[in-house]
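Reader: Hi! I have a new model open on my screen and would like to talk it through with you. Could you walk me around it?

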Amino acid sequence: RLLHRLHEERNAATTIQSHLRGVSIRRIVQAHRHILYRHRCATKIQSIIRGFLDRCFVVRTRRIKHYYFVTIPSATKIQSVFRGRRERLRQKSAMTIQTAHR
């Protein structure tokens, strides 16, 4: 009878310890999951920001490239065409004056 009671008490103590360990471990796991969740969220935010900054960099680089390789050469070409035309008109005017004078 005494042995049976000791055995029941031992089983009860084991059950209580098991429940307490379970509660303790569940709390630890929940805290760990929360930390992992926050870490994943931070990583996602960082990747979104990095992508945004990279896209801004690409747009800026393309604009600069366009300016140096399209806009400036186009302006140079327009200027050279205008100056050439102006010089030819000047030459024509000078020829007209010279032929009229002779």
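**A chat about the model**

Author: Happy to! Let me start at one side chain: Y67 counts as partly exposed, at 43% relative accessibility. Keep in mind that this is a predicted model.

Reader: Good to know. How many aromatic pairs does the structure hold?

Author: The structure holds one aromatic pair. The ring centres of Y67 and Y68 are 5.3 Å apart and the planes stand at 80 degrees, so the pair is edge-to-face.

Reader: What angle of the planes counts as edge-to-face?

Author: Planes over 60 degrees apart count as edge-to-face, and the rings of Y67 and Y68 are at 80 degrees.

Reader: And Y68, buried or exposed?

Author: Y68 counts as exposed, with a relative accessibility of 51%. The cut-off for exposed is over 50%.

Reader: Let's zoom out. How many helices and strands does the protein have?

Author: There is one helix and there are zero strands in the protein. The radius of gyration is 43 Å, well over the 13 Å that the globule rule gives for 102 residues, so the protein is more spread out than a compact globule.

Reader: What does the C-alpha trace span along its principal axes?

Author: The spans are about 150 × 10 × 5 Å.

Reader: How exposed are I72 and A75?

Author: I72 counts as partly exposed at 33% relative accessibility. A75 is partly exposed too, with a relative accessible area of 34%.

Reader: What share of the residues is buried, then?

Author: Buried residues make up 2% of the 102 residues.

Reader: And how much accessible surface is there?

Author: The accessible surface of the protein comes to about 10400 Å², and 62% of that belongs to carbon and sulfur atoms.

Reader: Switching to charges. How many positive and negative ones are there, and how far apart are their mean positions?

Author: The protein has 24 positive and 4 negative charges, and their mean positions are 21 Å apart.

Reader: How many salt bridges does the structure hold?

Author: The structure holds two salt bridges. One of them joins R5 and E9, with the closest N and O atoms 3.6 Å apart.

Reader: Where do R5 and E9 sit relative to each other?

Author: R5 and E9 are four residues apart in helix α1, which covers residues 2-101, so about one helical turn separates them. R5 is exposed, with a relative accessible area of 54%, while E9 is partly exposed at 44%.

Reader: Nice. Which side chains meet in a salt bridge with E87?

Author: R90 is the partner of E87, at 3.6 Å from N to O. E87 and R90 are three residues apart in helix α1, so they too are separated by about one helical turn. E87 counts as partly exposed, at 35% relative accessibility.

Reader: Great, thanks for the tour!

Technical notes. Residues are numbered from 1 along each chain as its sequence is written. This is a predicted model: local features need pLDDT of at least 70, side-chain atom pairs count only at pLDDT 80 or more; totals for chains, interfaces and linings use all residues. Side-chain values use heavy atoms; hydrogens and water are left out. Helices (H or I, at least four residues) and strands (E, at least two) are DSSP runs, numbered from the N terminus. The radius of gyration is taken over C-alpha atoms; the globule rule is 2.2 Å times the number of residues to the power 0.38. Buried means under 20% relative accessible area, exposed over 50%, partly exposed in between (1.4 Å probe, protein chains only). Accessible areas come from the Shrake-Rupley method with a 1.4 Å probe; for residues, only the protein chains shown count as cover. Lys and Arg count as positive and Asp and Glu as negative; His and the chain ends are not counted. The place of a charge is taken as NZ of Lys, CZ of Arg, CG of Asp or CD of Glu. A salt bridge is a side-chain nitrogen of Lys or Arg within 4 Å of a carboxyl oxygen of Asp or Glu. Rings of Phe, Tyr and Trp (its six-membered ring) pair if their centres lie within 6.5 Å; planes under 30 degrees apart count as stacked, over 60 as edge-to-face and the rest as tilted.
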